[in-house]
Amino acid sequence: MKILAIIPARGGSKGVPGKNIKLLNGKPLIAYTTEIALQSKFLTEVIVSTEDEQIIDVAKSLGIKVPFIRPEHLAQDTTPTIDVIIHALEWYENQNIFFDAVCLLQVTSPFRTVEFLDKAIEKFIVSDCDSLVSVQKVPHEYNPHWTFEVNSAGTLKIATGETEIIPRRQELPTAYHRDGSIYITKSKVLLEEHSLYGKSTAFIESEPDFYVNIDTLQDWEKAEEMIQNKLK
């Protein structure tokens, strides 16, 4: 299976200014993702999609291809990630280069391992699902069967639609949330359905110890603390 890894990294960042190339323990944040992607035995091509000249220079210094400059209209706060992916796929197709699937690796999840990445890709291939996402368990107190919405009468209803709440934690079904580390999707699903998920989604559970999703300065501080703890 031919798989294109896309690492999206636009220049604008409000939560952590310049975060994609900001130094985390002495190296650019983007390097944590590019290093792992280059080691994968399943990825056919690894690229960075960006509109920013500084990010282009850093990416190339790390040995990552930047085959095109992303258009400015696809580098806004409100730009859907799927539009960035489709732009890259269509750029390659215009060069008569085709991929079976895309692996999206976000810079904001720096601590995945190559073993975990390859295990995810292998599971995706074997599953033959339209997509695969990395997930983590939802703590029982946030389980959707224990969460509520406000109904038209202004009172609470169970978010899952049940009329009786599950009384015991032990009876709750396991629930998961996306952790943003890995998304893999068939190219056909991306291009024809304009969807990251399609009709069937496999999953792989991430290690909580490696989890951080850097969107704020507090997240950045957490990442720095995680690195320091690993160095002890």
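Two strands count as paired if DSSP finds at least two bridges between them; strands (E, at least two residues) and helices (H or I, at least four) are DSSP runs numbered from the N terminus. The model is predicted, so local features need pLDDT of at least 70 and side-chain atom pairs count only at pLDDT 80 or more, while totals for chains, interfaces and linings use all residues. Residues are numbered from 1 along each chain as its sequence is written, and side-chain values use heavy atoms, with hydrogens and water left out.

**Exercise 1. Describe the side chains of strand 4.**

Which residues of strand 4 point one way, and which the other?

Step 1. In a regular strand, side chains alternate between the two faces of the sheet.

Step 2. Glu45, Ile47 and Ser49 point one way, and Val46 and Val48 the other.

Step 3. Five of the five residues in strand 4 (45-49) are buried, that is, under 20% relative accessible area with a 1.4 Å probe, protein chains only.

**Exercise 2. Characterise helix 3.**

How far does helix 3 reach from its first C-alpha to its last, and what covers its buried residues?

Step 1. Helix 3 (residues 81-94) has 14 residues and reaches 20 Å, close to the 20 Å expected at 1.5 Å a residue; the expected span is 1.5 Å times one less than the number of residues.

Step 2. Its buried residues include Ile82, His87 and Tyr92. Among the elements covering the buried residues of helix 3 are strand 1, strand 4 and helix 5 (187-193), where contact means heavy atoms within 4.5 Å.

Step 3. Just after helix 3, asparagine 96 takes a positive phi of about 60°.

**Exercise 3. Examine the largest nonpolar core.**

Which residues have the most contacts inside the largest nonpolar core?

Step 1. A nonpolar core is a set of buried Ala, Val, Leu, Ile, Met, Phe, Trp, Tyr and Cys residues joined through side-chain atoms within 4.5 Å.

Step 2. The largest has 43 residues, and Leu43, Val48 and Ile184 have the most contacts inside it. Helix 4 supplies the largest share, six residues.

Definitions and conventions. Buried < 20%, exposed > 50% of the residue type's maximum accessible area, 1.4 Å probe, protein only.
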